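Here's a quick tour of a protein model, one topic at a time. Keep the structure open next to you and look up each residue as it comes along.

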Amino acid sequence: ISPDGTKMYVLRARSGSDSQVSVVDIATSVMTSVADVGSNALSMELSTDGSRLYVINSNAANKNVVTVIDTATKTIVGEPVLPTMSRAVTLNSTGSKAYVVGGSEGVSSPLSIVDTATFAVTNVPIDGTSGALYDVAVNADGSRAYVVDFGADRVSVMYGGRIVESA
């Protein structure tokens, strides 16, 4: 939902082809297309000011990416590449960083941190993961990220740019 409450963004997965992001005008219930994004789109996050939408997917070059959409112009403004297929994305409270997790069962997967201004990606290794990282949350001041490892039945905590706890 946009910050002003007038629009709802919808991720529409389509079998055998690219997924699509659509916008619904809440007052009229009219849906329009915003952008085609790659296959395997599983999650998206809207910036707090509503100016950008971050969609995790696989692009046309079969790379795992975060497709960044400018919501005003409805254009793709960036596609930072990620090391593994991703499942979840969240932003810190200022919108300066996107935190992305994913991976496949049995393959070690990092926490990927995307600088939303430059699209530079930093990968933080998480030792002993099952590879099935399913969700990520960031505390209010952005000092900690919490990563849910479904396969290992644990939560890892990132602090100071490295994983410091797993429980």
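Let's start with arginine 154, which counts as buried because its relative accessible area is 19%, and buried means under 20%. Bear in mind that this is a predicted model.

**A buried charged pair**

- Side chains of opposite charge can pair when their charged atoms come close.
- Arginine 154 has a salt bridge with aspartate 149, and their closest N and O atoms are 4.0 Å apart.
- The count for the model comes to one salt bridge.
- Aspartate 149 is buried too, with a relative accessible area of 1%.

**The nonpolar core**

- Which residues have the most contacts inside the largest nonpolar core? They are Tyr99, Val101, Leu111, Val136, Ala145, Val147 and Met158, in a core of 13 residues.
- Strand E12 supplies the largest share, three residues.
- Pick out valine 147 and look at what surrounds it: leaving aside neighbours within four places in sequence, it is in contact with Val101, Leu111, Ile126, Leu133, Asp135, Val136, Arg154, Val155 and Ser156.
- So arginine 154, buried at 19% relative accessible area, shows up again here as one of the contacts of valine 147.

**The four-stranded sheet**

- An open sheet runs in the order E8-E9-E10-E11, and its strands pair antiparallel.
- Which strands stand at the edges? They are E8 and E11 (121-124), and each has a single partner strand, so one side of each has no neighbour in the sheet.
- Going from one strand to the next, the twist averages 25 degrees.
- Strand E8 covers residues 86-91, and six of its six residues are buried.
- E8 and E9 run antiparallel and are joined by five bridges.
- Within this pair, valine 89 has valine 100 in E9 as its bridge partner, while threonine 90 stands opposite tyrosine 99.
- Tyrosine 99 is also among the core residues with the most contacts.
- Five residues lie between the strands in the hairpin of E8 and E9, and there glycine 95 takes a positive phi near 80 degrees.

**A proline in a loop**

- Where does proline 110 lie? Look in the loop between E9 and E10.
- Is proline 110 buried or exposed? It is buried, because its relative accessible area is 13%.
- Proline 110 and threonine 122 are twelve residues apart in sequence, and their C-alpha atoms are 9.3 Å apart in space.

**The start of the chain**

- Aspartate 4 sits in the segment before strand E1 (7-12).
- This residue counts as exposed because its relative accessibility is 55%, and exposed means over 50%.
- The side chain of aspartate 4 makes a polar contact of 2.6 Å with the side chain of serine 2, and another of 2.7 Å with the side chain of threonine 6.
- Aspartate 4 and tyrosine 159 are 155 residues apart in sequence and 33 Å apart in space, C-alpha to C-alpha.

Technical notes. Residues numbered from 1 in each chain as written. Predicted model: local features only at pLDDT ≥ 70, side-chain atom pairs only at ≥ 80, totals over all residues. Heavy atoms only, no water. Core = buried A, V, L, I, M, F, W, Y, C linked by side-chain atoms within 4.5 Å. Buried < 20%, exposed > 50% of the residue type's maximum accessible area, 1.4 Å probe, protein only. Helix = DSSP H or I, 4+ residues; strand = E, 2+ residues; numbered from the N terminus. Contact = heavy atoms within 4.5 Å. Polar contact = N/O pair within 3.5 Å; in protein donor to acceptor, adjacent residues only side chain to side chain. Pairing = 2+ DSSP bridges. Salt bridge = Lys/Arg side-chain N within 4 Å of Asp/Glu carboxyl O. Axes fitted to C-alpha atoms, helices over the stretch in contact; angles between N-to-C directions.
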